[in-house]
2 protein chains.
Amino acid sequence: MLHLELDHRGALNQQVLRALKRAIVDGRLAAGARLPSSRALAHTLGVSRNTVVDAFEQLVAEGFACGRVGAGTFVAPSQWPRGVASGAVARAPRLAAYGRRALRGESKLQPAERQRLRYNLEYGAPLVSPAMQSAWRRALSRAADRSAFDYPPAQGLHALRSAIADYLGRRRGIAAAADDVVVLGGTQQGVDLALRVLVDPGQSVVLEDPCYRGTRYALQALGARILGLPVDAEGLRVERLPRAGARLACITPSHQFPTGGVLSLARRIELLGWARRHDAWLLEDDYDGEFRHDGRPLAALKSLDVDGRVIYIGSFSKLAFPALRLGFIVVPPGLRRAFAAAKWLADRGGPVVLQAALAELMASGRFERLVRHSARALLLRRDALLAGLATHCAGQLEVEGGSAGMHLTAWLPWLRPDALPGLVAAAAVREVGIYPITPYYHSLAPRAGLLLGYAGLAAADLGEASRRLGPVLAAARSSRGNAAHFGQNRQSKR
Amino acid sequence: MLHLELDHRGALNQQVLRALKRAIVDGRLAAGARLPSSRALAHTLGVSRNTVVDAFEQLVAEGFACGRVGAGTFVAPSQWPRGVASGAVARAPRLAAYGRRALRGESKLQPAERQRLRYNLEYGAPLVSPAMQSAWRRALSRAADRSAFDYPPAQGLHALRSAIADYLGRRRGIAAAADDVVVLGGTQQGVDLALRVLVDPGQSVVLEDPCYRGTRYALQALGARILGLPVDAEGLRVERLPRAGARLACITPSHQFPTGGVLSLARRIELLGWARRHDAWLLEDDYDGEFRHDGRPLAALKSLDVDGRVIYIGSFSKLAFPALRLGFIVVPPGLRRAFAAAKWLADRGGPVVLQAALAELMASGRFERLVRHSARALLLRRDALLAGLATHCAGQLEVEGGSAGMHLTAWLPWLRPDALPGLVAAAAVREVGIYPITPYYHSLAPRAGLLLGYAGLAAADLGEASRRLGPVLAAARSSRGNAAHFGQNRQSKR
C-alpha cells in the first residue's frame with residue numbers, strides 16, 4: 001500500500017496533491033503505475049473522497065497522470081532523471097563571490113529587533129514625533145486616493161525630486177535640479193548603488209574609522225579594499241589620505257558617524273583637492289546634518305562641489321522615520337544616467353504612494369516645519385541627556401560629538417575596551433541599554449567608548465537613564481577586575 | 001567691483017551665500033581679501049541688506065570668512081587647491097565595470113511614460129480594478145494608523161512572509177515557510193539579488209529568447225555571458241540546454257514571457273535534471289501564473305523542487321498593481337542567509353506600512369477574492385480581444401500564448417520584422433497602440449510579431465481596437481512596399 005505523508009500546510013487537496021507528486025518524483029509511484037482508488041486513498045488519509053478526486057484531477061491537468069475512464073488513474077510515462085529524487089539539497093551551495101562575501105558578514109548585520117529595556121539608549125531608534133506621524137498619515141491617505149497605479153519613473157516622481165532639490169537649496173546649501181536627484185529606498189541603497197557604479201572589486205576605498213557599518217559591510221561584500229582612516233574632533237584626518245590608488249572616499253562631514261566631529265573647512269578644501277588630484281569620488285553621507293543643535297546648520301560638502309566629484313546621500317529615516325524607507329542621492333551631471341540606470345536595474349523605482357505623499361508634504365511647507373519641530377524636540381533630549389550625565393556620571397565619562405543629530409559619544413578612559421560587555425550587562429540589569437562603539441571600528445577600537453542615542457526617549461527618561469547609569473559606572477570603576485584592567489591598559493598605552 | 005551672479009534657486013540669502021562661496025572657491029575673492037560692505041553688496045544685487053548680512057554670518061559660521069568688529073568681513077586664509085576652481089567636470093567619469101555596462105544599456109531601459117493613445121495595447125499597463133483599489137486604500141489607511149516607525153526586518157515583516165507562504169501553498173502548490181520568503185521591491189529586485197548572489201561576471205547564464213528585458217539588462221550589466229535558448233509553444237526548448245558551464249537558467253515556466261508557451265511537464269523534469277547534473281540554479285519568474293484563463297492554474301516549477309535548486313520570484317505588480325513596488329522571492333534553505341544578507345545590503349528592507357497593509361489584506365482572505373475577481377475581469381478582456389481579432393483581423397494574425405496572464409502574441413507571417421515600425425506608426429494614426437515583439441529578443445527576431453497587452457482596456461475598447469487594427473493590417477499587407485518585403489522575406493526563409 002502506498003504511504004503518503006501530508007505536510008499539514010494549507011488546503012487538504014493541495015496537501016494530497018503535493019504528497020502524490022512527491023511520490024511520483026521520487027519513484028515510489030513509477031511511470032505507468034496505477035494510483036490507488038480515490039475511495040481507498042481517502043480512507044487511508046482520513047480525508048473526504050472529493051479532496052482526493054480533486055487532487056487526482058489536478059495531477060492529470062498538470063500532466064503527472066492520465067485518467068482512463070473506468071480503468072482508474074495512472075502515473076504518466078515520464079523520465080524523472082535518476083537522482084533528482086534523492087532530496088539531496090546542496091550542502092555548500094555554489095555562490096558567486098558577492099554571495100559568499102555577503103554571507104560571511106551576515107551574522108554581523110544589525111537585526112531589526114531592539115532590546116526591550118525601559119531606558120534604551122540605542123542609536124537609530126526613531127524620534128516618535130506625534131506631529132510628524134499624524135501629518136504623515138494624513139498625507140498618505142490623501143496620496144492613496146489620488147496616486148497612479150502604473151509603474152513609476154525609476155528615478156523617482158518628478159514632484160518629489162523637485163521638492164527635494166528645493167529643500168536642499170534652502171537647508172543644505174546645495175544647488176541641485178530635480179534631474180540631479182534619484183529617489184531611493186534609504187541611505188543603504190544609496191551606498192550600494194554608488195559602490196556598484198563607481199568601484200570595482202579589488203579597488204581601494206577610503207573609509208572613516210569608525211564608521212557607519214552598512215557602508216563597511218557593503219564594501220566588504222563588493223570585495224573592495226578598505227583603507228580605514230582615523231578621525232578626530234574635526235572629522236576625517238585628511239593628512240592621512242592615500243597618495244595614490246583610491247577610487248572613492250566615504251565620509252560624514254556634517255557629523256562624523258559615530259564620533260560626532262564636524263569636518264573643518266580647511267579639511268573640506270583638502271578633501272576636495274585630493275579628489276581632484278587623484279580623479280577620485282567623494283560619497284557624502286549627510287544622515288543627520290539637519291539637526292544641528294549648536295549654531296546654524298552647516299552647508300553640506302556637496303555645496304562646495306564645483307568639480308562634480310561629490311555624490312550626496314540624504315535620508316528620510318532621521319528627518320521623518322526609518323520605517324518609511326525613503327532616501328535620495330544627488331549626483332553630478334556626469335553620473336546622472338549611470339545612476340538612473342543602476343536604480344532601474346536594482347528595482348525599477350520606489351513605491352508611488354509613499355513618494356507622492358512625501359512630495360505633497362514637502363511642497364506644502366509642512367515638512368520643513370515638522371523637521372524644525374523635531375529639531376527642537378531633539379535639542380531638549382540632547383540637553384536632558386547631557387545634564388543627566390553631568391549630574392550623575394561626572395568624572396566617569398568624556399562626552400563628545402553631541403553638537404548635532406541624535407546621538408553622542410561617551411568615552412570611558414578608565415576602562416579597557418574588552419571590559420565593555422560587562423558594563424553593558426550591568427547596565428541592562430538596571431534596565432538601561434548602552435552600546436559600545438567598538439563594532440563601528442574597522443580596526444581594533446583604540447579606547448572604550450559608548451554610542452548613546454537619545455532620539456527614542458523622552459527628556460525625563462533620559463535623566464532617569466543617567467541616574468541609573470551613574471552607580472553602574474562607579475561600581476565598574478571601583479571593582480577589582482576593572483582596576484586590574486585599568487592598570488594593564490595604562491601599561492600598554494603607547 | 002566684485003561681480004556675483006545669483007542662481008535664482010531658493011531663498012535669496014542662500015543664493016547670495018552660494019555666490020560668495022563660489023567666488024571664494026574659484027579665487028575671485030582671495031584669502032584675506034575684504035568683502036564689500038553689506039550695504040554696497042545689497043545695493044548691487046538688488047536685495048535687502050539683511051539678506052546680505054545673513055549670508056555673511058553664515059559664511060563666517062562655516063569658516064569661509066572672519067568678521068572683525070568695525071573692520072568688515074574678510075575671506076579666511078585657506079588654501080584652495082590650485083585647479084579645484086576650474087569647474088572642470090569630468091567629461092568621461094571613471095566608472096566601475098558595472099557602471100559602464102549599466103550605462104551602455106541605459107537608453108534601452110523602458111521609460112515609465114506610456115503613449116497616450118486611446119486604444120493602447122501596451123503590455124504592463126495595470127488592470128485598474130476598482131475593487132482592488134478601494135480595498136487597498138482601506139488597508140493602507142488602517143496600516144498607517146497602526147504600523148511601527150522603526151526599521152523593519154530586512155527580510156520583510158513576518159506577518160507578510162507568513163501570508164505569502166500560505167498563499168503559495170494554496171495557489172501555486174509550493175510548500176514554503178515564512179522563513180523561506182524574502183519580501184522585495186518587485187520582480188526586478190529579485191532578479192538583481194539572485195544574479196548578484198549566484199552569478200559571477202563572465203559566467204554563463206541560460207536565458208529564454210525572447211525574454212523579460214529586465215533580466216537581460218541585469219545580466220548584461222553584471223557582465224554575465226548570456227546563452228539565449230529558443231522557445232516554442234511548450235516553452236524553453238530544453239534539449240538545447242548547454243552540456244556544461246552554465247551557472248543559472250532564468251525561466252518563465254507558467255507562461256513564457258512574452259510568447260506565452262507553458263512549459264510541459266516533460267520539459268520541467270528535464271530542466272530539473274539538468275540543474276542537478278550541472279549543479280546549476282533555476283530562477284523561476286512566475287509573473288502572472290495566477291491568471292490562467294483556460295483550465296486550472298498550474299503549480300509552479302518550484303513545487304517540484306525536491307532538490308533545492310529553484311529560486312522562485314513572485315510579484316504583486318500583476319496581482320495588485322505595479323505602483324505598489326512589492327514582490328518576493330522564495331529561496332531554498334541553503335540560500336536563505338545569503339539572500340537575507342543581500343537584501344540588507346541592498347536597502348535594509350522595504351517600507352513597513354505597505355508590507356503591513358498587504359499582510360492584513362492577505363491574511364483576511366480578501367486579497368485572494370480580489371485576485372479571483374481580477375482573473376475574471378482579465379478573462380473577459382482576453383475573450384473580447386480574441387473575438388475582436390477573429391472578427392476584424394482574420395487571416396492577418398496568428399494568435400498565440402493567450403491562455404494566461406495579461407497579454408498575447410500575434411504573429412504576422414506576411415510581414416518582415418523590419419517593416420514593423422511602419423505598421424506601428426499606421427496603427428498609432430488610428431489611436432491604436434501596438435508593440436513589436438522584436439525588442440524582447442536577444443538575437444534577431446526570426447519573424448514579425450506583436451505583443452498585445454489587454455489588461456489596461458475595457459472589453460468594449462478592445463473590440464474597437466481590433467476593429468481599427470483590421471484595416472491597418474490589410475492596408476499594410478496590400479501595400480506595394482510590404483509586398484516587396486514579403487517577397488524578400490520568403491526568399492530568405494531557411
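**Exercise 1.** Work out how many residue pairs are in polar contact between chain B and chain A.

*Solution.* Start with the rule: a polar contact is a pair of N or O atoms within 3.5 Å; within protein, one must be able to donate a hydrogen and the other to accept it, and residues adjacent in sequence count only if both atoms are side-chain atoms. Counting pairs with both residues at pLDDT 80 or more gives 37. Next, ask which element of chain B gives the most to the side touching chain A: helix α11 (residues 336–347), with eight residues. Helices here are DSSP runs (H or I, at least four residues), numbered from the N terminus.

A word on the model: it's predicted, so local features need pLDDT of at least 70 and side-chain atom pairs 80 or more, while totals for chains, interfaces and linings use all residues. Residues are numbered from 1 along each chain as written, chains are lettered from A in the order written, and side-chain values use heavy atoms, without hydrogens and water.

**Exercise 2.** Find the salt bridges across the same interface of chain B and chain A.

*Solution.* Look for a side-chain nitrogen of Lys or Arg within 4 Å of a carboxyl oxygen of Asp or Glu. The rule finds eight. One of them joins Arg114(A) to Asp150(B), with the closest N and O atoms 2.4 Å apart.

**Exercise 3.** Decide whether Arg161(A) is buried or exposed.

*Solution.* Then apply the cut-offs: buried is under 20% relative accessible area, exposed over 50%, partly exposed in between (1.4 Å probe, protein chains only). Arg161(A) has 7% relative accessibility, so it counts as buried.

Definitions and conventions:
Helix = DSSP H or I, 4+ residues; strand = E, 2+ residues; numbered from the N terminus.
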